[in-house]
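Here's a quick briefing to read alongside the structure.

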4 protein chains.
Amino acid sequence: MKDALRFEPLAWSNVLTEMPAALRIASGDIVITETLDAAGVNARGEKKADRPNPMNGPIFVEGAEPGDALRVEILKIDPARDTGWTSAALSANVLDPEYARNLPPRDHVEWIIDRQASTVKLEKPLPGLENLILPYAPMIGCFGVAPSGGQAISTASSSNNGGNMDYRGFTVGCSVSFPVSVPGALFFLGDCHAAQGDGEIAGTGVETCCNVEVRLTVEKGRTIRWPRGETQDRIFTVGNARPLDQALQHATTEMVMWLKSDYGLSDAATAHLLGQAVRYEVGNVFNPAYTMVCSVAKKWLPPKL
Amino acid sequence: MKDALRFEPLAWSNVLTEMPAALRIASGDIVITETLDAAGVNARGEKKADRPNPMNGPIFVEGAEPGDALRVEILKIDPARDTGWTSAALSANVLDPEYARNLPPRDHVEWIIDRQASTVKLEKPLPGLENLILPYAPMIGCFGVAPSGGQAISTASSSNNGGNMDYRGFTVGCSVSFPVSVPGALFFLGDCHAAQGDGEIAGTGVETCCNVEVRLTVEKGRTIRWPRGETQDRIFTVGNARPLDQALQHATTEMVMWLKSDYGLSDAATAHLLGQAVRYEVGNVFNPAYTMVCSVAKKWLPPKL
Amino acid sequence: MKDALRFEPLAWSNVLTEMPAALRIASGDIVITETLDAAGVNARGEKKADRPNPMNGPIFVEGAEPGDALRVEILKIDPARDTGWTSAALSANVLDPEYARNLPPRDHVEWIIDRQASTVKLEKPLPGLENLILPYAPMIGCFGVAPSGGQAISTASSSNNGGNMDYRGFTVGCSVSFPVSVPGALFFLGDCHAAQGDGEIAGTGVETCCNVEVRLTVEKGRTIRWPRGETQDRIFTVGNARPLDQALQHATTEMVMWLKSDYGLSDAATAHLLGQAVRYEVGNVFNPAYTMVCSVAKKWLPPKL
Amino acid sequence: MKDALRFEPLAWSNVLTEMPAALRIASGDIVITETLDAAGVNARGEKKADRPNPMNGPIFVEGAEPGDALRVEILKIDPARDTGWTSAALSANVLDPEYARNLPPRDHVEWIIDRQASTVKLEKPLPGLENLILPYAPMIGCFGVAPSGGQAISTASSSNNGGNMDYRGFTVGCSVSFPVSVPGALFFLGDCHAAQGDGEIAGTGVETCCNVEVRLTVEKGRTIRWPRGETQDRIFTVGNARPLDQALQHATTEMVMWLKSDYGLSDAATAHLLGQAVRYEVGNVFNPAYTMVCSVAKKWLPPKL
């Protein structure tokens, strides 16, 4: 097995788009890179790039062509500093509209990441939160590939090509495949969170810098429309849109198409399987596009065709 | 402890509303009752009532007054027959709109409930589903109390007062509190499923008849706006509305209000806690009102005030 | 032609439902009745009933049976007093969620209805509104018939059976047909506005009492699913739901079904006609169910079958 | 007054983004240009560019800087050929989800544009549509400026910067201002329709090529967030998003901010004015972002500050 490649970017992007590659790798290579936080600050506290969610990349993966998929295995997400930050107010989006009259200011709040204990806690806990010591549960907030049709999609949002999905499940042990729309796929990565609830309803996770290790592999001829992934025990699809109903429609339709093409199920069979065994998880409900994840346990699947 | 009361209804209701009580009990009493399936068929295969989701009830709980809550502890949901049924098509609601062109007919499909093995499986498995043997995971699809303002809400839908929420988590070990709007609360119950995926996306769970045992307790002076519940390790709130975004807003706002009033958290503290630790689960995305559940692990909560 | 019947209710309802009739009339009769305002106050300033939107009715129309429609011709809506009132804040529903932080209190504001001049203006105009003298443009905010399945639907909301739609077009010269679900149809009426913008985005029109004259006619065997109506130059359908997208879906589907059954158009022909000639209008975007109206000019229609 | 500049593009764009200008003009210049149809075909029937909606442009307007607005006065939209085309099926988006099972194929349908008579009609009318002869009512389907933050937004969709809004009101006599995000504003234009119903619910208007004449003027220091426009008798704002509720929120909030900053109204005064006098119109309900227009008659406005 080849050594991992260390990728140290000199510039960062606030859009996912076709642009000159910062790194060129072979399919199957492992890349290690240190990400900036959502505000563009690095692990040394230096402001290196602008909001929102500056991305390391793009990485050109040799052999990737439109119509393929790019598989991203998340191997490690290690903390690169001892602090993270959040916003001090819930998003008005997730509350009854009139309740927004009560919301506090969106202040910046500091959290401590204890690498030894593998925990995350408020630097100055508010009353009642003195014992809120969360496990370090790192995730990649924003990653994906260049979109189709010459689009440049803000790292504040997401679409078919991935982007700022803010789903807790994008963590070590998970692999995700994105639809390739341009030669080399052009992979982008950043915006790690040390912890985050479902929905990213405060508008942030615990925003920090991480050392991320991923393996990037071209899946030749695997044509997909939305991100698909798997963990040890389930397969999943991702839809990004508003309202959440539409994100759910995209994710569910992608799952149905997957079950039909790869597992040979009929439309009726997908109704039986998904109707009684599907699981949904909420990615973000804060960004311009919301995110819904649709999954099925592998134990319920027939053998692949 | 008193013996459980067996409730054998002579009539069933297709709305939740203020109407003459079928049973009158004391707060804290345990009731056992056998439910009809969603089509009104009983455990002997006899059609006893009409669709949708005929309800056992209402049960008048002494002492319950508007402004109180009625706590429902789910103690048992045992199968009352060996069969269940589902629909053979996913709901067009949960798929990309144009995909509905591909949907198969909404045929009636039979499932076998194996009480010995505690499993649920298709009577005639379609190709690829030969090994789909799901655990018996019973839940109450539709339950709640009479709504406010003289409303009569169809058992096809749901609202503040509960109703047809089709949430997998309404199972043994869970307790749910509903806001009381009329004297006696007037509790209704029915529509059990032997298994169901998130979202009830085929429009049905495995529809069957169950023997359900619940304890009903008046919570004097506990004024709530939406259903609140708990399990051994978490507290949760329920929102019912369309789109799913609005259901999520109701559930989240109810959780914020609960954390403020009972646990003394400020609005900023609720942002820290929920922002980094909230969980969402999808109830139904099929009925006129969709259902979203918002929960927090008890381990993250401060002591109650 | 028979004289109009004057209907003076002794009680009012806050739900549309099957209940004992307050008046029984023949199909084709004209009824004149004075409505309360949305808060239950009459033209003499007396509080007679409770919020929301107390209804005159129900009126039993002889011969109406489930499967028929009840046609309501709006003949007159005359002011019954010289004042109306509104709320002093826009609904948070219609603004960007974070903007709700800026909203003023929902104070009660008085307006003057000048019957001579046929105008409506603020009693105490705020700076910049000194010359805001609107035409008296009366409309019925809430009307409809008893819903199906034993439901009782709050006069705060609306559904297939009509209800609180708050559409400016429900005015003199318009006729609306509602689907009959119970014997006699059971017609309800109230909540008149002296003026209102699209959407009822302050949560009120200029709420007042009116003398309303309507002709109620049974349309035997005309089975419809959502309200249908017409004016001198167009036909329209009404959908009530959230989000607005779903209200639009209901209204559009009802229009397609009407064009197919009564005008003999194919699905492709409805696409040509509606695609290039349809008009949409926004009823309320404030109530639990939003309202969208879909219309086509009569000049584009083929002869009825 | 200067002569109009004729702009004959050599290339077309399927995104609105910052890119090298095809033409550079002074603020206040008038430009005449012939557009391609939505499929990239020109007035001579030659396929010149790809779907969706290839744009003429961008045009760099001297003096335009971020924080300014670019005002576009629509002076002429003359037909450049005698045919247009539509789709033969309504969008599944605008129908009840299950109804999509009935939809016909999305065939290509030809229409005739009669320049003499100024009418638009089907080449081969389906039964019942023999007399459907619509007025030629041209509009610009897609236009706007480069978006902020390095985004490239597909001409299939729309956002703050305009784009594919498909609003019937974008016609001669209307002027629209877009928020400038890059030096020169970079204006794009295309996708004209000879006629279209509200919502573009067949997924197309009558797609054709037009000679469009616009005057482009920099409004220095006029900072806006969403498109704002005016006609002879009203001012309007535009919101683009899904669901339609969110588009309406954007448009309404932009109108409130306009009324406050330019007309000196308080938040309460905007509630009185808009609550009783606002009008909404539906742009597209087909594209990834839907469009809602919010307007007020000028006669109700106080003098500008």
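Which residues in H1(D) meet which residues in H2(D)? On the H1(D) side they are D:Met255, D:Val256, D:Leu259 and D:Lys260, and they meet D:Thr270, D:Leu273 and D:Leu274 in H2(D).

This is a predicted model, where local features need pLDDT of at least 70, side-chain atom pairs count only at pLDDT 80 or more, and totals for chains, interfaces and linings use all residues. Residues are numbered from 1 along each chain as its sequence is written, while chains are lettered from A and ligands numbered from 1 in the order in which they are written.

**The helix pair in chain D**

- Helices (H or I, at least four residues) and strands (E, at least two) are DSSP runs, numbered from the N terminus.
- H1(D) spans residues 244-263 and H2(D) residues 267-277; they pack at about 125° with their axes 10 Å apart.
- Axes here are lines fitted to C-alpha atoms, for helices over the stretch in contact, with angles from 0 to 180 degrees between N-to-C directions.
- That angle makes H1(D) and H2(D) oblique to each other (under 35 degrees is roughly parallel, over 145 roughly antiparallel, 65 to 115 roughly perpendicular, and the rest oblique).
- The residues of this contact split into five nonpolar, one polar and one charged (Ala, Val, Leu, Ile, Met, Phe, Trp, Tyr, Cys and Pro count as nonpolar, Asp, Glu, Lys and Arg as charged, and the others, Gly among them, as polar).

**The sheet in chain B**

- Nine strands form an open sheet with mixed pairing, in the order S1-S4-S18-S6-S15-S19-S20-S22-S21 (two strands pair if DSSP finds at least two bridges between them).
- S1 (5-7) and S21 (279-282) of chain B sit at the edges with a single partner strand each, so one side of each has no neighbour in the sheet.
- Ignoring direction, neighbouring strands are turned by 25° against each other on average.
- S20 (residues 234-241) and S22 (residues 290-297) of chain B pair antiparallel over eight bridges, with B:Gly239 opposite B:Met292.
- Helix H1 (residues 244-263) of chain B packs on the sheet and touches S19 (228-230), S20, S21 and S22 of chain B.

**Chains B and C**

- The contact takes 13 residues from each of chain B and chain C (contact means C-beta atoms, placed from the backbone, within 7 Å).
- Chain B's side of that contact has five nonpolar, seven polar and one charged residues.

Methods: Contact = placed C-beta atoms within 7 Å.
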